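Dear colleague,

Please find the structure for your reading below. My notes on it come after the display.

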Amino acid sequence: GSCNNTTYTPNADFLQSYGGLAGLQQAAKDMDSVDLRIFKGSDLRCRIAFGQFLFDCCDSNGILNKLVSCNAEEEALAAQRSPVDKSVLVGEYCSSRISLGLGSVCVQRKQTYCVYGSLLARIIQKQGRPQIGLNFGAPESPDCTGFTVDQFATLDFNRIDFTEFTSQFAMPAGDVQKIVNSFQQKISQGSN
């Protein structure tokens with residue numbers, strides 16, 4: 001008979017568990033020792049004029065501008081959004097209007113982002129805030145603060161999807177099957 005069982009059921013929970021553990025490790029590194037906040041973010045904004053026709057400093061694929069140089073904050077934001085996006089879009093608002101007799105027209109808009117120190121911090125902030133009744137505030141006055149220790153302790157990490165983080169480490173299913181087949185073949189050859 002065969003004494004080697006080479007079949008197994010893949011554990012789909014491993015990567016989720018890994019994501020949670022990595023998040024806890026990152027939280028320990030990112031905790032602000034002064035105000036005891038975990039995953040504290042920064043409020044960064046970028047400008048768009050005349051609906052992207054004049055300039056768009058919010059383009060994360062390489063700052064696209066035609067008549068204006070994007071400022072240092074906008075360049076820093078673009079760097080935090082690509083290649084790994086560490087930002088959460090809070091929203092957009094009109095930042096500059098001109099009067100036209102009976103009314104005014106918006107000539108420049110700003111997008112507001114909360115930017116975090118890592119992909120994991122952004123994932124946990126974005127999916128954890130709704131669990132405890134928090135949001136990111138309004139575009140004009142965003143709330144990019146970190147979690148308090150008590151808030152962080154109430155997060156249910158089982159409800160956080162770490163796929164975006166763990167996909168960096170996961171092998172395509174075909175590759176996993178090739179490895180399994182190779183091991184099965186070696187085991188079978190060894191038992192002959």
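The notes that follow go from the whole chain to single residues.

This is a predicted model, in which local features need pLDDT of at least 70 and side-chain atom pairs count only at pLDDT 80 or more, while totals for chains, interfaces and linings use all residues. Residues are numbered from 1 along each chain as its sequence is written, and side-chain values use heavy atoms, with hydrogens and water left out.

**The chain as a whole**

The secondary structure comprises six helices and nine strands. Helices (H or I, at least four residues) and strands (E, at least two) are DSSP runs, numbered from the N terminus. Of the 192 residues in the chain, 33% are buried; buried means under 20% relative accessible area, exposed over 50%, and partly exposed in between (1.4 Å probe, protein chains only). The accessible surface comes to about 11700 Å², and 53% of that surface belongs to carbon and sulfur atoms. Such areas come from the Shrake-Rupley method with a 1.4 Å probe, and for residues only the protein chains shown count as cover. Among contacts (heavy atoms within 4.5 Å) between residues at least 6 apart in sequence, 62% join residues at least 24 apart.

**Helix H2 and its ends**

Helix H2 covers residues 72-81, and its buried residues are Glu74, Leu77, Ala78 and Arg81. They lie on the same side of H2, because they cover an arc of only 100 degrees around the axis. The arc is that of the directions from the helix axis to the C-beta atoms. These buried residues pack against strand S2 (42-49), S5 and S6. The face of H2 turned away from the buried side carries the exposed residues Ala72 and Ala79.

The N-terminal end of H2 is capped by Asn71, with a side-chain oxygen 3.1 Å from the backbone nitrogen of Glu73. For a polar contact, a pair of N or O atoms lies within 3.5 Å; within protein, one must be able to donate a hydrogen and the other to accept it, and residues adjacent in sequence count only if both atoms are side-chain atoms. Pro83 is in the loop between H2 and S5. A cis peptide bond, with omega of about 5 degrees, joins Ser82 and Pro83.

**Salt bridges**

The structure holds five salt bridges, a salt bridge being a side-chain nitrogen of Lys or Arg within 4 Å of a carboxyl oxygen of Asp or Glu. Three of them are described here.

- Arg109 pairs with Glu92, the closest N and O atoms being 2.8 Å apart. Arg109 lies in strand S6 (residues 103-115) and Glu92 in strand S5 (residues 87-100), so the pair ties together parts that are 17 residues apart in sequence. Arg109 is partly exposed at 32% relative accessible area, and Glu92 is partly exposed at 36%.
- Glu164 pairs with Arg122, with 2.6 Å between the closest N and O atoms. This pair links distant parts of the chain, 42 residues apart: Glu164 is in helix H5 (residues 163-166) and Arg122 in helix H3 (residues 119-128). Glu164 is partly exposed at 42% relative accessibility, whereas Arg122 is buried at 6%.
- Asp43 pairs with Arg45, the closest N and O atoms being 2.9 Å apart. Asp43 is partly exposed, with a relative accessible area of 33%, whereas Arg45 is buried at 17%.

**Residues in loops**

Cys144 lies in the loop between strand S8 (141-142) and strand S9 (147-148). Cys144 counts as buried because its relative accessibility is 8%. Although Cys144 and Gly41 are 103 residues apart along the chain, their C-alpha atoms are separated by 4.9 Å.

Phe39 is placed in the loop between strand S1 (37-38) and S2. Phe39 is not a glycine, yet has a positive phi of about 60 degrees. With a relative accessible area of 1%, Phe39 is buried.

Gln131 lies in the loop between H3 and strand S7 (137-138) and is buried, with a relative accessible area of 18%.

With kind regards
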